Amino acid sequence: IAMELSDANLQTLTEYLKKTLDPDPAIRRPAEKFLESVEGNQNYPLLLLTLLEKSQDNVIKVCASVTFKNYIKRNWRIVEDEPNKICEADRVAIKANIVHLMLSSPEQIQKQLSDAISIIGREDFPQKWPDLLTEMVNRFQSGDFHVINGVLRTAHSLFKRYRHEFKSNELWTEIKLVLDAFALPLTNLFKATIELCSTHANDASALRILFSSLILISKLFYSLNFQDLPEFFEDNMETWMNNFHTLLTLDNKLLQTDDEEEAGLLELLKSQICDNAALYAQKYDEEFQRYLPRFVTAIWNLLVTTGQEVKYDLLVSNAIQFLASVCERPHYKNLFEDQNTLTSICEKVIVPNMEFRAADEEAFEDNSEEYIRRDLEGSDIDTRRRAACDLVRGLCKFFEGPVTGIFSGYVNSMLQEYAKNPSVNWKHKDAAIYLVTSLASKAQTQKHGITQANELVNLTEFFVNHILPDLKSANVNEFPVLKADGIKYIMIFRNQVPKEHLLVSIPLLINHLQAESIVVHTYAAHALERLFTMRGPNNATLFTAAEIAPFVEILLTNLFKALTLPAANVLF
């Protein structure tokens, strides 16, 4: 059924959209049901687009844009052997109007329509929407950065899938088509935007818009270069790399933010440039070789001058990941082999970024589920500690002896600091344990813990001298972070620590099921589960029933007690 594009229908649609925002379910639900019942009619999506273009009410415009995006998400894909949910005439009309509409809308609506274009593009681009790129690229000439950023945002959501798609002829044909239409205009826009940054160096609001563009341009560079090094970018490497290098070393007081938590535009741009440089260093090292020393120096300077605030976390972790990806390539070994360089990296980059900060302590106490997910399940991909740990592993590939030697000194001095005054200096011990773990772990799996360890680190001796005493202490609630560290150490190195020491740990872990800290009692349960499923010779369980029998009663008692703790989070 076709719905007329009439004022009466626009008015009806407005009324129902208003009702979908009503907090009263008796009004809201029937309105949602009505819209669902008419969305199969011809012209329905065009009525929504007309409304978001012409309505005087901003709330209705936003509501229409969200409704339209969700409609596209549900209905655009054509599924084999199922009816086509959007008629062909509507599909053609949507594609003819949506880019112009998106670019002329305010930012809130622009984002919704940009997402809708990406959803349509995923299905129709390039075969069924050949003029999409031309239409977008032509808008670069407008000089209006609201429009340009709309194009860049849409292009980013269209092309970012190139980062994780499997190689195929079809994919490469599409990327080539995109490069032919997009690479040169993007490069020209990049140069022009950088020139405008100099012109407007004292205008904060202009700089904010220009830097938003540079972030998007840098993300597009990453997507378009991910699968392979395109000939165009190889020929224009000088332009891109020189400008990326300049932006990395740039500091503008007007772009600095007072917020300690939220990354500002300057940090986001530099983070993305570190990613771009790491991509080239890893995948295109021959072509990138002559630019690399400059980037190593710039990123090194960035690391030693950036503060400990949370807003710099992504930047610091990407910068460290860049060094980690470079130091394990045979090509670049010579940049790191000097003992002073290694000492400097350990002292100025790795150790400071392994510190347990106030923000980590807050997460440990108040957001324990997120802390556990990050620490135990490896979703800590963007944390400073994880990046520092990866850098240690990278350096150990070629310099295991010297690096282990340098860190042994640090570990000893941190443990001495702790021993002087445990209640004040417990964070020194936390960093020491983390450092030993990073140093010793060469290969790790979730199922088996560490499968390959650094021969130069005596894991059993460290366990007996520094881990067991914390777990043996009568007070299970004292130094919860160190308790969690100790339990995690058992989990990670369960294959390296001899069985008799693991057996000693079992009653200690059972005691810690009673700890008040959610992280501690969760880790204790997790560690016990891991130990009980370990296999010994002949694939039998490592611990016999007779060895475990003395602990069963107290284990069950403490487990049931743990389930009654506030916010019990035991992983059994």
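Ala, Val, Leu, Ile, Met, Phe, Trp, Tyr, Cys and Pro count as nonpolar, Asp, Glu, Lys and Arg as charged, and the others, Gly among them, as polar. The model is predicted: local features need pLDDT of at least 70, side-chain atom pairs count only at pLDDT 80 or more, and totals for chains, interfaces and linings use all residues. Residues are numbered from 1 along each chain as its sequence is written, and side-chain values use heavy atoms, with hydrogens and water left out.

**View 1. The second largest pocket.** A pocket is an open set of points on a 1 Å grid over the protein atoms alone, with protein on both sides within 12 Å along at least five of seven lines. This one has a volume of about 680 Å³ (the space filled by probe spheres set on the points, which are joined across faces, edges and corners). Its lining has 27 residues; Val310, Asp313, Arg357, Ala359 and Asp360 lie nearest the centre. Lining residues have an atom within 4 Å of a point. They divide into 15 charged, 9 nonpolar and 3 polar. H18 gives the largest share, 5 residues. Helices are DSSP runs (H or I, at least four residues), numbered from the N terminus.

**View 2. The largest pocket.** Its volume is about 810 Å³. Of its 37 lining residues, His156, Ile215, Leu216, Lys219 and Gln272 are the closest to the centre. By class, the lining has 14 nonpolar, 14 polar and 9 charged residues. Helices H6 (107–124), H8, H10 (204–226), H13 (265–283) and H16 (313–327) each supply at least two. The largest share, 9 residues, comes from H13.

**View 3. Helix H8.** Of its 15 residues, 14 are buried, so H8 is largely enclosed by the rest of the structure. Buried means under 20% relative accessible area, with a 1.4 Å probe and protein chains only. At the start of H8, a side-chain oxygen of aspartate 144 comes to within 2.8 Å of the backbone nitrogen of histidine 146.

**View 4. The cavity.** A cavity is a set of grid points where a 1.4 Å probe fits but cannot get out. A search of the whole structure finds 1 cavity of 30 Å³ or more. The largest cavity has a volume of about 50 Å³. Asn75, Arg77, Ile78, Val79, Glu82, Pro83, Asn84 and Lys85 line it. They divide into 3 nonpolar, 2 polar and 3 charged.

Technical notes. Buried means under 20% relative accessible area, exposed over 50%, partly exposed in between (1.4 Å probe, protein chains only). A polar contact is a pair of N or O atoms within 3.5 Å; within protein, one must be able to donate a hydrogen and the other to accept it, and residues adjacent in sequence count only if both atoms are side-chain atoms.
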